[in-house]
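Please read this briefing alongside the sequence and the 3D view. It covers confidence, overall make-up and one part of the surface.

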Amino acid sequence: MKKFIETLKNIYKIEDLRSRLGITLFFLLIYRLGSFVALPGIDPAQLGELKNQTSDGLLGLLDMFSGGAFSNASIFALGIMPYISASIVIQLMGIAVPYFQRLQKEGESGRRKINQITRYLTVVILIFQAPAYLTNLTFQLPESAFAVRGMMFTVTSTVILCAGSMFVMWLGERITDKGIGNGISLIIMIGIIARLPFSVFAEFISRLEQQGGGMVMFLVEFVVLFVVFMLTILLVQGTRRIPVQYAKRIVGNKQYGGVRQYIPLKVNAAGVMPIIFAQAIMFVPISLVGFTNSESMSGFAAAFADNTGFWYNFSQFVLVILFTYFYTAITINPVQMAEDMKKNGGFIPGVKPGKRTVEFLDTVMSRITLPGSIFLGVVTILPAFAMIAGINTQFAYFYGGTSLLILVGVVLDTLQQIESHLLMRHYDGLMKSGRIKGRAGGAGSMM
């Protein structure tokens, strides 16, 4: 406790860090307040059906990521997810489209162009998503919930929803530039954390009144959750360090190289993306049922509609493993790594430069990705086991999946940045021993 108080004092002494933390908290407060501002023309008191619809499933995840704004019919209802979707599309196009590959190699100017294209694509996605969200509102809410209906309501609300999401995106970028941590990731994380108190309270009431078990089971659940968090931290921070020796060079009176450094290859280089891809694929069978009346098709989809069923979780587990290998293969380029080492006069001890280095790096990545992908698959299906154990759906989501990985990844990344500011000014870090390792493309960095 004394160490914690001393750390807070050190943070307060650093004017730049104090200012960045204040800006971050202020922008996050604006986002949370906006999540409770309902769309003009909608009665917030009659949103019961919409809240029931978003209690679980895909809409439940969207509501969690938006911090409840989705079920509140808020001006921020679509949140930051359209921007995330656009970023994923642009990232994948950078693999297959030569134009985007050239932009990625142009440095800062190319990054600005990619960001601009991502924003335009976000607007396009919003133009389709906003009317779909409003159509769902008209089906879920009674007529008395709307003060105005028809084309005028649709057009004005679409503009408001698009403006709200773009404003949230702007808040995230300002946090990244002026605050601390990755702004987009922090906005997603704060939305997830906002649901935690309600989920904990619902589980507490459930244990005391409905499910039984009382305080003992409630405490056991928290112990298990703590263990899951610790294991997830190991997954996020786990690395395999590859030693790299640089040749000694003498330029003038100065000596360069001659030192040994390490390439940290992450056990989970793909972060949270495999889970997002797998969950998107798992909702395809349910969507297909809406386009057919076939009983066999309905039965097939019913097997995948049960998120606690065997086939749903087995399929999702396999998909996460496959997508982990796929995403790792497109983000980690052993050929480029070997070329960069060769240009800088570096080599892996005991491995010949060139083709052998590429084969070595590829073999190491394949070997460490296997346990990482299996562990990631287990984390993905943990909420299903929590639900089977009698934990309520909302609280069960914190036992695994995207929410858990984002929470752990973003918190570690933000703490690492705070610690960097402290160490740069010769203060002690956040921990008595050791250092917090950055994620370098971990769970929260989805762009």
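The points below are grouped by topic.

This is a predicted model, with a mean pLDDT of 80 for the protein. The protein has 447 residues, of which 43% are buried. Its secondary structure consists of 18 helices and 5 strands.

**Confidence**
- A pLDDT of 70 or more is reached by 83% of the residues.
- Helix 8 (residues 151–178) has the highest confidence, at a mean of 90.
- Helix 12 (residues 284–289) has the lowest, at a mean of 58.
- In residues 439–445 the pLDDT falls below 50. This stretch still has 19 contacts in the model beyond near neighbours in sequence.

**Contacts and surface of the whole protein**
- Of the contacts between residues at least 6 apart in sequence, 71% join residues at least 24 apart.

**A nonpolar patch**
- Six side chains are listed for a nonpolar surface patch: Val-223, Phe-226, Val-227, Met-230, Leu-231 and Leu-234.
- Together these residues have about 570 Å² of accessible area.
- Met-230, one of the patch residues, lies in helix 10 (residues 214–237).
- Is Met-230 buried, partly exposed or exposed? Met-230 counts as partly exposed because its relative accessibility is 36%, which falls between the cut-offs of under 20% for buried and over 50% for exposed.

Key: Residues are numbered from 1 along each chain as its sequence is written. Side-chain values use heavy atoms; hydrogens and water are left out. pLDDT is the predictor's confidence in each residue, from 0 to 100. Helices (H or I, at least four residues) and strands (E, at least two) are DSSP runs, numbered from the N terminus. Contact means heavy atoms within 4.5 Å. Patches are made of residues with over 30% relative accessible area and no salt bridge: like charges are joined within 9 Å, nonpolar side chains (Val, Leu, Ile, Met, Phe, Trp, Tyr) within 5 Å. Accessible areas come from the Shrake-Rupley method with a 1.4 Å probe; for residues, only the protein chains shown count as cover. A salt bridge is a side-chain nitrogen of Lys or Arg within 4 Å of a carboxyl oxygen of Asp or Glu. Buried means under 20% relative accessible area, exposed over 50%, partly exposed in between (1.4 Å probe, protein chains only).
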